[in-house]
Amino acid sequence: MLNPMSVMVLFAGEHRRLVLWVPVLLALGALTYFQWPCEPGVGVGCVLPAGVVALGLGVCLYWPHTLVARLGGGGVTALAVGFAAAWLAAHTQPAMPELPRRAVEVQGIVRDVAYYPAPAGQGEPVRHVTLVDAVMQDFVDDGMRPLRRSLDIRLAVQDATPLAPGDGLRVRAMVRSPPFPALPGGRDRQFEAWFAAQAGSGYALESVQVEPGLQLPQSNLWLAVDRLRVLVDARIRHVLPGASGSVVATLLDGRASAVPQNIRAEFAASGLAHLLAVAGLHLGLVMGAAMLACRLVLAVWQYAALRWPCKAISAVVAWVVGGGYVLLTGAHLPAERSWMMSSIVVLGLVVGRRAVSMRGLALAATLMLLLAPQIVLDVAFQMSMAAVMALVAGYEVLHPILLRSLSGLRGASHACARHGAMLVLTSLLAGTATLPVVMAHFGVVQPFFVLANLLAVPLMGVWIMPLGLLALLAMPFHADAPFLHMMNAGVCGVLWLAHKVAGWPGASIAVPAMPGWGLGCVLLGLCWLCLWRGNWRWWGACAVLCGTLTPWLVPQPDILVSPDAQLVGVRDRAAVLVMGHARDARAITAAWAQALALPVVAFSTTAAQEAQSPDGSLICGEEGAEGSCVLLRRGHEVVVRIHDPSDGRVSLPQSLCAQADLVLSVAPLRASCLNVPVRLDRFTAWHAGAQAVFLGSGVRVVTDRQERGERLWVLKPGGHGMPTLPLAQAE
């Protein structure tokens with residue numbers, strides 16, 4: 001058993017690694033704010049953290065040579081800074097507007113044009129436009145301020161109007177606010193939209209009209225970059241119009257929206273999904289190719305080779321090329337993190353210090369968490385940080401062992417064995433570290449990810465990405481077609497590999513939803529395992545293992561209710577039996593299937609004869625109550641009313657309610673089953689959002705409102721936002 005003195009001795013032995021925990025504590029502080037049960041005011045969100053920071057710094061300055069004081073003072077300071085940064089980031093966002101719930105003419109300025117696959121997977125891709133400074137043109141919103149958030153509008157399939165970033169347009173459309181989570185603890189699109197400055201989405205009811213008089217107040221760098229991305233995307237689509245061309249466009253301009261869903265599924269099942277998300281791998285390949293080309297050019301120039309620091313110059317050139325690639329691909333968070341990390345690597349190469357280190361990763365993570373603390377909940381940030389952290393820590397331990405084991409080889413055999421072993425080691429380290437994160441966010445495990453990456457990653461490095469760079473350089477001269485076609489040949493090879501591996505039995509294994517505390521246990525355990533050097537680092541492996549097993553250790557809900565109460569899902573042994581109809585049925589049932597790791601089966605309750613589930617626990621149509629079902633499970637009786645043409649005005653038969661512990665209805669219950677202990681209906685869902693029912697020792701109901709609380713990004717009941725009031729008339 002460790003005593004406090006021995007713990008202090010361990011910390012003292014790791015004194016050079018203590019600074020690596022600063023971003024971890026910042027992330028924990030930000031996470032504390034995001035998990036706060038209600039929205040903190042100025043006192044808790046700003047004044048209190050400022051006082052804690054002052055106290056922590058005062059402790060460190062008063063006892064500068066005491067390890068306990070430095071650990072405690074520095075730790076609470078980092079936690080308070082993370083909490084305050086998250087509070088400020090949330091409160092500096094504009095309010096979520098109230099959008100009209102009817103067809104309306106929208107006038108705005110195009111910020112981006114993107115292509116998405118056709119809804120049925122066939123036909124031409126569908127265009128989506130992102131509008132800024134949008135104004136609703138109707139009598140209710142007359143004189144309103146332009147929206148401070150963007151709108152995503154899906155254009156009509158037959159609409160071929162030429163559009164580019166910066167164009168003004170007018171379109172008649174149906175718009176809606178971001179949807180509520182499909183189940184308590186599910187993906188929170190309102191949180192994502194809040195920090196992405198999005199107001200909602202919609203679809204056009206007719207062709208758009210270009211408004212020449214509308215334009216942004218002034219041109220800026222981002223508008224120029226967006227226009228360039230649209231031109232690059234259009235050129236690639238013209239040369240490579242097929243599905244492989246959409247993958248090529250993803251690699252060169254970061255637009256992954258047009259990749260067909262079947263290709264996405266195959267990449268995910270084979271463990272190659274990271275190839276479709278521009279991040280550290282792509283940036284490393286681009287910068288590596290640029291640095292190699294620059295060094296070769298300088299090496300053949302005798303004057304430069306003898307007098308200039310070619311290695312440092314090549315590193316700076318590669319860094320500039322990498323920054324341009326990050327901008328061209330949309331400056332997504334993983335790419336930004338990778339470019340920040342590469343900046344530290346380049347600085348190390350220039351000054352002659354170690355290029356890749358855990359301190360560089362910690363510095364990059366600290367900057368990102370201070371600038372955008374909401375990324376602590378972003379799957380891309382979690383995966384990229386886990387992978388890079390595991391690679392740096394793994395190579396610190398295993399690279400010397402690898403070199404010693406290959407010391408007996410010479411020449412080409414040594415080079416091939418070394419590169420092959422490093423490729424296997426890299427795939428194992430990065431894949432194993434990100435496996436629990438993939439389980440938590442996507443609900444799948446890919447056992448064959450190492451084999452697929454052993455073949456796909458080298459092909460990306462030596463063929464696909466170098467040819468992509470050449471295509472981009474040749475594009476202004478209209479000489480890019482040969483390079484694009486050769487690049488497409490390599491992409492077709494990766495597509496074939498993903499298709500074959502995804503077709504193997506057990507290539508993608510569904511797992512139930514991991515609780516948030518389980519994912520936190522995994523990530524904290526991974527930090528403990530990678531950031532320390534001593535033997536006590538292996539305690540983190542126990543935490544990672546326990547967190548990974550949590551999907552099978554926590555109870556699963558027996559009944560799920562959609563946010564509008566129009567869909568009810570009953571978990572059976574082999575499937576989720578779904579009853580009812582809803583506008584967002586496809587998205588909701590997909591989320592339920594992922595959370596429970598079960599297929600979704602439609603269960604009909606409209607037939608005149610009785611119907612029951614395969615295990616006999618769910619029976620519908622008994623006692624002449626058409627549209628009503630009874631669920632018998634674990635000693636509890638649940639009545640579900642899934643069809644009610646009377647909108648609750650006709651009461652349920654008293655015989656159905658006599659022994660019920662819970663009654664659930666898609667319509668208002670009104671006077672039905674007043675003696676039942678738990679009553680859920682459309683009004684309950686309107687107030688509380690999606691609901692999950694657990695049948696055990698009692699009936700436990702968990703709601704979305706309980707999980708998320710009253711926060712800035714949580715829309716009011718019914719999905720209402722802040723009214724966009726018109727400007728006052730000038731006197």
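In which sense do E13 and strand E14 pair, and over how many bridges? E13 and E14 (residues 618-620) pair in the antiparallel sense over 2 bridges. This is a predicted model, in which local features need pLDDT of at least 70, side-chain atom pairs count only at pLDDT 80 or more, and totals for chains, interfaces and linings use all residues. Residues are numbered from 1 along each chain as its sequence is written, and side-chain values use heavy atoms, with hydrogens and water left out.

**Sheet**
- Six strands, E13-E14-E15-E16-E17-E18 in order, form an open sheet with mixed pairing (strands are DSSP runs of E, at least two residues, and helices are runs of H or I, at least four, numbered from the N terminus; two strands pair if DSSP finds at least two bridges between them).
- Strand E13 (611-612) and strand E18 (678-680) are the edge strands, each pairing on one side only.
- Ala-611 has Cys-620 in E14 as its bridge partner.

**His-282**
- His-282 lies in helix H9 (residues 280-300) and is buried, with a relative accessible area of 1% (buried means under 20%, exposed over 50%, partly exposed in between; 1.4 Å probe, protein chains only).
- The His-282 side chain reaches the backbone oxygen of Leu-275 at 2.8 Å.
- Leaving aside residues up to four places away in sequence, His-282 touches Leu-251, His-274, Leu-275, Ala-277, Tyr-325, Met-460 and Met-465 (contact means heavy atoms within 4.5 Å).

**Helix H12**
- Leu-347 is found in helix H12.
- Leu-347 is exposed, with a relative accessible area of 53%.

Notes
Polar contact = N/O pair within 3.5 Å; in protein donor to acceptor, adjacent residues only side chain to side chain.
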